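Have the model open while you read.

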Amino acid sequence: MDTLLRSVFHCMVHEHDPRLVVIAGLVCLIGIFVSLAMAQHAAREVGASRTRWAAVAVIASGCTAWTTHFIILLAFRPGLPSAFDPLLTGLSLICAITGIAAGIFVAVGGRRKTDHFIAGVIVGTGVAALHYVGQFAYLVQGKVEWDPRLVVLSLAISLPLFGLGLLSAADRNRQIRMLALPILLLAITLLHFCGMAALRFSHDPSYSFPAGAVSPAGITPIVFAVAGALISLAVAGWRFEVEAKRRLHRDRSRLRALADMALEGLIICEDDAIVTVNSTMEAMTGHDAATLTAMQASALLPGLDIANLPDREEREARLLAANGQLIPVRALRRQVELDQRVQAVIAVRDQRERLRTEAAMRAMVFKDPLTGMANRTRFFELLAMHTKSKRETEQSFAVLMIDLDRFKLINDTYGHAVGDVILCEVAHRMRGALRRGDIIARLGGDEFAVLALAVENFADAEALAARIIDAVSAQPYLDAGRPLFLGASIGLKWTQDNSEKPDDLLRHADLALYAAKEEGRGRTRRFDARLEERLRESHAIEEGLRVAIAKGQLELHYQPLVDARTGRIVSAEALVRWRHPERGLIPPAEFIKIAEETGLIVPLGEWVLHTACREAASWPGQVKVAVNLSPVQFREPSLVSAVMSAMGAAKLPPERLDLEITEGVLLGDEQQTLDTLTKFSAWGVRITMDDFGTGYSSLSYLRKFPFSTVKIDRSFVQQLPHDAESVALVRAIISMTSALGMATTIEGVETAEQFRFAVAEGCTSIQGYDIGRPTDGAEFGRLVKRGTIIAA
């Protein structure tokens with residue numbers, strides 16, 4: 001190998017005219033430039049024009065290789081007379097053009113790197129064919145021998161270099177593309193000089209050249225004419241290149257002008273090199289355009305694989321600003337063709353404002369705007385998260401549901417502004433009662449919840465509840481110097497069973513809270529299974545009651561009222577009963593409250609009104625019927641029309657209907673209640689105040705509302721006539737109502753002594769088991785026909 005290399009070096013240095021070798025190198029460089037310029041110009045054209053310029057590029061490439069080769073042949077100094085075979089000389093040019101055209105065809109059709117390498121090898125094969133056919137065209141006066149080792153070496157070295165040269169020319173990286181020219185020049189140089197070093201000449205004076213052989217002096221003008229043509233084409237190619245760059249600059253300027261109008265940052269890059277950016281990108285990063293165009297896109301958007309970013313698919317990324325800050329952005333890449341070069345346009349959208357807005361919206365979604373506490377949604381999210389973590393650590397915890405006592409009264413009386421101030425103060429006090437790590441939330445209205453973490457036992461949870469109640473109720477709340485008092489009721493669910501679901505925990509604590517309020521407020525109630533059983537029973541009653549109303553399973557019973565002087569039946573109180581297909585007769589105490597809570601009391605009440613009026617219309621004489629109205633019914637706008645409809649359908653005179661209401665009806669809108677009762681009274685319907693004496697403001701109600709009758713509650717009658725206080729109270733009520741022109745009914749009379757006392761004190765009518773128990777409509781009709789109740 002060392003000998004072969006010395007042969008090649010000797011051929012290069014001692015057997016060639018260095019001036020012509022330099023000229024050949026310049027012609028080769030010019031020719032390669034021409035070939036690339038023509039190829040790029042062809043790529044910018046379309047249709048037939050592209051084909052024509054592509055053919056020019058191929059021919060220019062072949063002529064470059066041919067001219068370079070024959071100039072170096074002219075530079076060769078074998079020391080013998082020489083000449084050129086014209087046929088083989090022309091054939092060598094055809095070999096070059098054909099090989100280069102075939103290689104270009106493969107390169108254009110291929111997309112992989114291996115395709116471009118193979119195309120380069122094909123081009124190299126064409127050039128090698130040119131070289132060796134050209135060497136066969138080179139004639140000397142003597143004998144020619146070949147060293148096959150140098151021939152093989154020339155092909156083994158040059159063909160891979162041709163492959164690398166074309167591979168470099170097709171690369172997207174500009175710096176790698178710039179390597180194509182020296183690699184191709186090196187391949188041609190090694191091919192020629194290895195091939196020339198393979199020749200060995202021995203002089204033979206008897207040898208004569210063929211008749212058509214062309215002397216070096218004859219071929220020199222042809223070679224240099226082709227070289228001149230290549231130089232002319234180089235000038236044209238240079239002009240094409242200048243024009244292309246001018247057009248590219250103009251297009252980029254227009255693109256920059258359009259890009260500057262975009263609100264998003266735009267980066268235009270070739271591979272990883274940034275070509276240009278818009279003003280938004282400069283403002284976003286704090287870099288000027290010159291700094292940005294000197295950077296790599298991968299450095300500006302660290303962590304983002306730009307080369308493999310799917311087209312038109314947004315990705316989260318970070319943008320490196322001039323101050324070193326990483327700005328959250330969304331990047332979208334799209335490939336565009338600019339001056340026949342594929343470039344990537346990366347749109348960069350600043351996400352800081354969006355993230356701030358999302359954070360603000362998240363705060364709005366998860367935070368109570370009044371107290372700043374977590375809201376219901378956030379509390380449930382935290383409860384679910386901690387439930388899962390406690391399940392893994394097996395720690396117990398407690399959920400407390402808190403409802404403020406008497407807050408609604410204060411809010412309705414003094415207004416929502418005062419109510420909001422008090423809620424904020426309550427929130428502040430409750431926070432102070434919590435332990436570190438406990439979570440509190442306002443679920444809505446005056447309802448709060450606490451998640452007490454790491455509660456070892458029920459006593460700890462109960463102690464926390466007691467502190468909260470004390471914090472809420474110990475001191476009054478001041479409104480313009482006026483003290484307002486609140487309390488709190490708490491439902492407590494303490495759990496060691498970490499398998500319970502968050503919604504079950506909340507439901508259990510809520511059931512306990514409901515029980516605490518039922519038991520008198522201002523206390524803590526622990527959840528137990530009986531509460532859930534009661535809830536299931538309540539739901540069963542609700543569903544059954546809906547069926548009962550729809551299928552006619554309800555019936556009315558009537559309890560008589562008698563005139564205290566004559567003992568005759570003057571009225572009857574209608575009492576609804578539910579005849580359940582499985583449980584039999586269900587008294588109202590078991591379902592009326594549920595009916596009020598669920599709103600079923602409205603259709604139930606209308607059925608009672610219509611049924612009572614219809615059955616009472618069949619009773620003889622002037623016997624009245626009394627129907628109870630619940631507060632829920634009284635809040636219905638349709639109540640007046642329902643009463644009128646019931647009386648009208650039954651043709652019952654208004655004076656035979658008595659509507660009984662409790663103090664609960666009067667606690668709502670007093671003016672609306674007064675207007676409604678006044679309408680009933682104007683029609684002749686009688687109004688009775690039921691359960692008189694059990695409310696704190698009953699006396700003011702007697703003065704304000706048009707009652708016909710006052711019914712004394714059974715709680716005052718139970719101790720008659722032996723309890724002196726009960727006697728005094730009943731006497732006072734009878735005396736007062738008599739002075740106001742109202743009738744008086746005593747209910748709950750169960751003994752003969754109570755009956756005689758009521759008669760003696762001058763009450764108007766009497767009701768109770770001593771008079772008669774509730775009975776169905778048919779039995780009551782027969783009782784009315786007898787007309788008189790015999791008192792004991």
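Predicted model: local features only at pLDDT ≥ 70, side-chain atom pairs only at ≥ 80, totals over all residues.

| Helices | Axis separation | Crossing angle |
|---|---|---|
| α21 (residues 601-616) and α23 (residues 639-650) | within 8 Å | roughly 30 degrees |
| α5 (residues 113-137) and α6 (residues 148-169) | 7 Å | about 140 degrees |

Start with α21 and α23, whose axes cross at roughly 30 degrees. Angles under 35 degrees count as roughly parallel, so α21 is roughly parallel to α23. Their crossing is right-handed. As for who touches whom, α21 brings E606, L609, H610, C613 and R614, while α23 answers with A642, V643, S645, A646, M647, A649 and A650. Sorted by class, that contact comes out at eight nonpolar, two polar and two charged residues.

Now for α5 and α6, with axes 7 Å apart and an angle of about 140 degrees. How do these two helices lie relative to each other, parallel or oblique? They're oblique: roughly antiparallel would take an angle over 145 degrees, and therefore α5 and α6 end up in the oblique class. The crossing of α5 and α6 is right-handed. On the α5 side, the contact residues are K113, H116, F117, A119, G120, V121, V123, G124, T125, V127, A128 and Y132. Facing them from α6 are L150, V151, S154, L155, L159, P160, F162, G163, L164, L166 and L167. By class, the contact between α5 and α6 holds 16 nonpolar, six polar and one charged residues.

Next, zoom in on strand β15 (residues 487-495). Is this strand enclosed or open? Nine of its nine residues are buried, so β15 is largely enclosed by the rest of the structure. In a regular strand, side chains alternate between the two faces of the sheet. For β15, one side carries G487, S489, G491, K493 and T495, the other A488, I490, L492 and W494, and both faces are covered. Even K493 and W494 are among the buried residues.

Which strands pair with β15? One is β10 (residues 397-405), which runs antiparallel to β15 and is joined to it by nine bridges. Within that pairing, L400 has L492 of β15 as its bridge partner. Another is β16 (residues 524-526), parallel to β15 and linked by three bridges. There, G491 stands opposite R525 of β16.

Notes
Residues numbered from 1 in each chain as written. Heavy atoms only, no water. Axes fitted to C-alpha atoms, helices over the stretch in contact; angles between N-to-C directions. Helix = DSSP H or I, 4+ residues; strand = E, 2+ residues; numbered from the N terminus. Parallel < 35°, antiparallel > 145°, perpendicular 65-115°, else oblique. Left-handed = near helix turned anticlockwise from the far one by under 90°. Contact = heavy atoms within 4.5 Å. Nonpolar A, V, L, I, M, F, W, Y, C, P; charged D, E, K, R; others polar. Buried < 20%, exposed > 50% of the residue type's maximum accessible area, 1.4 Å probe, protein only. Pairing = 2+ DSSP bridges.
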